[in-house]
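Here is a briefing on one protein model. Look over the sequence and the coordinates first.

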Amino acid sequence: MILRKTLACAMLFATLGAVPAFAAEDSIVDEVRLGVMDHELSLFRDDTDEDGVDINGEVLFTSPDWLEWAGSPRPHLGATIATHNDTTSFIYTGLAWDWNFWGPLFVEGAFGAALHDGETGTSTQQNELGCAWAFHESASLGYNLTDNHRLMLTLEHISNASLCDDNEGLTNIGVRYGYRF
């Protein structure tokens, strides 16, 4: 147990120490994010099959030139990890568009795919998500604290769009911190 915690701390410090290496102008990494999410909006309602707190991490990449025609969205990879037993975690990827609309305020929308570890059939303890693969959408309202630091309120949702028999979906809301290079 002590060895595992020591390795986890060493990996965390190694990752944090590597952050300045991404800051080079030709870097493909544009932003990293870390946040806390209310799983299945459980703070706001009592009728959920799942509840708890999730940890969200995301890496956004510099938009490639060939995506200019689509408004230069940034490709991203992320994970939302549930901290409670019997709740759904997922990894996701897709494209994110953001627009500054008034001073330091911005909005962001993202769309892509997710792979989850939740229930795909009938369940009384978890949301019935139908397929292991789902669509992932998110929307954020953010504030640029500085050129590099930003905070955002984020709503994210996974669903199979009724492509499978069950489709209860899963919606989280939370706060995230982003560091732009």
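The points below go from the overall fold to single residues and side-chain pairs.

This is a predicted model, where local features need pLDDT of at least 70, side-chain atom pairs count only at pLDDT 80 or more, and totals for chains, interfaces and linings use all residues. Residues are numbered from 1 along each chain as its sequence is written, and side-chain values use heavy atoms, with hydrogens and water left out. The chain holds 1 helix and 8 strands. The 8 strands close into a barrel with antiparallel pairing.

**Overall fold**

- Along the sequence, the elements follow the pattern α-β-β-β-β-β-β-β-β.
- Helices (H or I, at least four residues) and strands (E, at least two) are DSSP runs, numbered from the N terminus.
- The barrel order is S1-S2-S3-S4-S5-S6-S7-S8.
- From one strand to the next, the twist averages 25°. The axes behind such angles are lines fitted to C-alpha atoms, and angles run from 0 to 180 degrees between N-to-C directions.
- Of the 181 residues in the protein chain, 38% are buried. Buried means under 20% relative accessible area, exposed over 50%, and partly exposed in between, with a 1.4 Å probe and protein chains only.
- Take contacts in the protein chain between residues at least 6 apart in sequence: 56% of them join residues at least 24 apart. Contact means heavy atoms within 4.5 Å.

**Strand S1 and its partners**

- Strands of a sheet pair through backbone hydrogen bonds, either parallel or antiparallel. Here, two strands pair if DSSP finds at least two bridges between them.
- Strand S1 (residues 29–38) runs antiparallel to strand S2 (residues 53–61), and 9 bridges join them.
- S1 also pairs with S8 in the antiparallel sense, over 8 bridges.
- Met 37 has a bridge partner in S2, Asp 54. Met 37 also has one in S8, Gly 174.
- Val 29 has Phe 61 as its bridge partner in S2.
- Because 7 of the 10 residues of S1 are buried, S1 is largely enclosed by the rest of the structure.

**The disulfide**

- The count comes to 1 disulfide, where a disulfide is a pair of cysteine sulfur atoms within 2.5 Å.
- Cys 131 and Cys 164 form this link, with their sulfur atoms 1.3 Å apart.
- The link of Cys 131 and Cys 164 is right-handed, with 95° about the S-S bond.
- Cys 131 lies in the loop between strand S5 (105–116) and strand S6 (133–144), and Cys 164 in the loop between strand S7 (149–159) and strand S8 (170–180), so the pair ties together parts that are 33 residues apart in sequence.
- Cys 131 is buried, at a relative accessible area of 15%. Cys 164 counts as partly exposed, at 24% relative accessibility.

- His 76 sits in strand S3 (residues 74–82). His 76 is buried, with a relative accessible area of 2%.
- Leaving aside neighbours within four places in sequence, the contacts of His 76 include Glu 58, Phe 61, Tyr 92, Leu 95 and Ala 110.
- Ala 134 is part of strand S6. A relative accessible area of 10% makes Ala 134 buried.
- With neighbours within four places again left aside, Ala 134 is in contact with Gly 112, Ala 113, Ala 114, Ile 158, Ser 159 and Asn 160.
- Ala 134 and His 157 are 23 residues apart in sequence, and their C-alpha atoms are 9.6 Å apart in space.

**Aromatic rings**

- There are 3 aromatic pairs. Rings of Phe, Tyr and Trp (its six-membered ring) pair if their centres lie within 6.5 Å; planes under 30 degrees apart count as stacked, over 60 as edge-to-face and the rest as tilted.
- Phe 90 and Tyr 92 have ring centres 6.1 Å apart and planes at 50°, so the pair is tilted. Both Phe 90 and Tyr 92 are buried.
- Tyr 179 and Phe 181 have ring centres 5.1 Å apart and planes at 75°, so the pair is edge-to-face.
- Tyr 179 is partly exposed at 25% relative accessibility, and Phe 181 is partly exposed at 24%.
- The charged end of Arg 150 sits over the ring of Phe 106, 3.8 Å from its centre. A charge sits over a ring if NZ of Lys or CZ of Arg is within 6 Å of the ring centre and within 35 degrees of the ring normal.
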